[in-house]
Amino acid sequence: MPDSSLNPNLEQELTRFYASAAPEAQFVAGLRQQVLQAATQHDGRPRPLAARLPSLSKPAPAWSLASLAILLLIVLVLAAIGPQRVLAQVRDWLGFIPGFGFTTEGAEVNVLSQPVELARGGLSLRLENAVSDSQRVWIELRLSGLPDSQASPGGSLLLSDGEKLPSISGTGELTGGQQGRFTFVFPALPLGARSASLLIEGLAGVDYELPFTLRPLQPGEMIPAPQEPAAPLQSESRDGVRLVLDHVAVDSQKTVFQVSLRFDQPNAWVSGPWNVALSDESGRLYPLSDVTPSDMDVSQTRLYQTGPFNGNEQLVLKLASFPDVQGLPVMLDLAQDGPAFTFDPGTAPQVGQVWELNQSFSVAGFEVKVLRAGWTGGPGLAFEVKPGPAVTGVMFSADTPLLTGSTGGVPSSQGLLSAGVTFSAIPEGPFEVRLMRLYTTAQGPWSLVWQPPAAPAASITSATPTPAASLPPLPTPTLAADGSLLRQVQLLARQFDAPFQQGPGWAHVIKETLTDPRAGQTFPPPYIKTEEWYEIDPIGYVARQTHTDFAADGGLVQQSATVGNYSINLTTGDSGVNPAPPYRFSADLFSQDLAQAISTGAQVSSEESDCEAGHPCLVITLLEAFPDPVQNPGESVAVSGAGRRLWVDLTTGQQVQLQAFWLEAGGQERIQYTQRTLLVEKVAKPPLAILDLLMRVIVP
């Protein structure tokens, strides 16, 4: 007999459809439900595609032929409506779930039916969330009563047939008060399975089992993905790297999107931080919040949230890295496919012995030459490498069971690289040394043009620079006791700050910072000139500000802007809301450090000297001595302490210079950086370029 779940008035519905120019929403929704009902098993679960079609090798029963005839009518209707229009209405399986990320397209998605709690032996476990699709199972667990020495617990899934699925990945964080939040990712459950147990083994010496059940995802429990193009948007390939917009989800309040980096070279990964910036055609930057799930590999994929759009915008999505905004650090994992050479240490290698090698390699178009190797007291080998263009680091492995570790790619003098391997004992006889990893820099830029999907019209508001919500102002710090050095510094700072804290107006500050960079350090450079503008409101609080760093040649290093309590780095796209209350402008760089040094018992000393302007200066030195000397990686001299030094103009109260230094084990100071304040002035208005810069900031 025919399937009674189908609409008996289907023929009339079809006739009404053909009489209209476009399908009505009610008709499409009803048709979607009929399609899903016709393609379900008796237990209500959607059948896999192969099970929905009748077998061609066996005669079909009469009732199946009747259902197939009606289903054929439905297919014809879908063709008449057009696949693009109907797909946008019926495909609700792809979307974004907070914590989980984007679901797998076309998959059945199940979520936790209800939280599960278990308390035993002073520990409390609460399974709060779970999401399952055809690719993975994600679980969120809260723990309380954790011992202070407890490491992150391990978890596995126990299926009904006794099979145990180990976790693929997981993250954990302690939230204070012996509490923690942990997430686990497991392989997908067997088809149709909606129950399992989370097994936590060895937690404070006890095993815990939390059985749970799943149910189908309901409307409103995820942010749906609208119809997407057949192929994701992607940038041009530059140095074998592409920026790809994978997925988008939108509701009335927000737009969530996923971006990833794709590499032409297999086994390539990003080896440094990266981000994206989203702007409109005029260059105004939209606020982005990073909502990447904690267990996702951010070296390849990131998820962001921003506001809703009307669908007519032409946006530019741009890859941003720092400090080289056009360069992206990339690692090639060569594993066992890397080039190798045979190293013979001889019969009795000595510490300090050097072997000239001159081994040249070409990998994926990159050139590397191993010049020599030296025997260290580790025991181990330290290789000196001459890199080709764009090569920034290398790492080696050794084909011997005595290998204990590898160190990679530290830049050394004269443009060379150093890398090493260590052993549990000196290998006897020749062994193979293989290039395991190669670090490079890909050169951009990478960007793509994107027209975002429209949110419901009622939810879209004009994106204009508006002040953030007002908060109670930050109280003025209390002065220290009379006669103390801290009180003297605070009074001098207040003397200098007072004229700038009376609004309205703008405070303009220019500083320069000289740094002694370590080998391979990319930021900060040896010289930076910083220019800051602060808008002071009528009651004396900072309303807006900008910060710009320039290199020695005047080139832009980075730039940021703040409106209210919302800040965005205009170079990298990083943004966020600072929950701190409003504050008054201050050029005081030192009072908090001095107060902390006094409270922790650090060494504090002061003396009077002359400032560069000829005014008398108070020079204050803070020194924290280490219990034992510390050997920083890549440095030959150990340090026994760290210090800061401040010069204060006793005439004006201005803090004119700040310095940080290491105290070497021999008693010598090694300066890390010196920051000089070149100008602090108050003006009625800033340059027009500063106002234009602030207008680019779109406050959420």
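**Note on aromatic contacts**

1. R136 lies over the face of F100, 3.8 Å from the ring centre. A charge counts as over a ring if NZ of Lys or CZ of Arg is within 6 Å of the ring centre and within 35 degrees of the ring normal. R302 is placed over the face of W274, at 5.5 Å from the ring centre.

2. The model is predicted: local features need pLDDT of at least 70, side-chain atom pairs count only at pLDDT 80 or more, and totals for chains, interfaces and linings use all residues. Residues are numbered from 1 along each chain as its sequence is written, and side-chain values use heavy atoms, with hydrogens and water left out.

3. The structure holds 18 aromatic pairs. Rings of Phe, Tyr and Trp (its six-membered ring) pair if their centres lie within 6.5 Å; planes under 30 degrees apart count as stacked, over 60 as edge-to-face and the rest as tilted.

4. The F341 and F383 ring centres are 6.3 Å apart with planes at 90°, so this pair is edge-to-face. It links distant parts of the chain, 42 residues apart: F341 is in strand β23 (residues 340-343) and F383 in strand β26 (residues 380-387). Strands (E, at least two residues) and helices (H or I, at least four) are DSSP runs, numbered from the N terminus. Both F341 and F383 are buried, meaning under 20% relative accessible area (1.4 Å probe, protein chains only).

5. F500 and F585 form a tilted pair, 5.6 Å centre to centre with 55° between the planes. F500 lies in the loop between α6 (485-497) and β32 (505-515) and F585 in the loop between β37 (575-577) and α7 (591-600), so the pair ties together parts 85 residues apart in sequence. F500 and F585 are buried.

6. F257, Y286, Y304, F309 and W450 are linked into a cluster by ring pairs.

Note on methods. Buried < 20%, exposed > 50% of the residue type's maximum accessible area, 1.4 Å probe, protein only.
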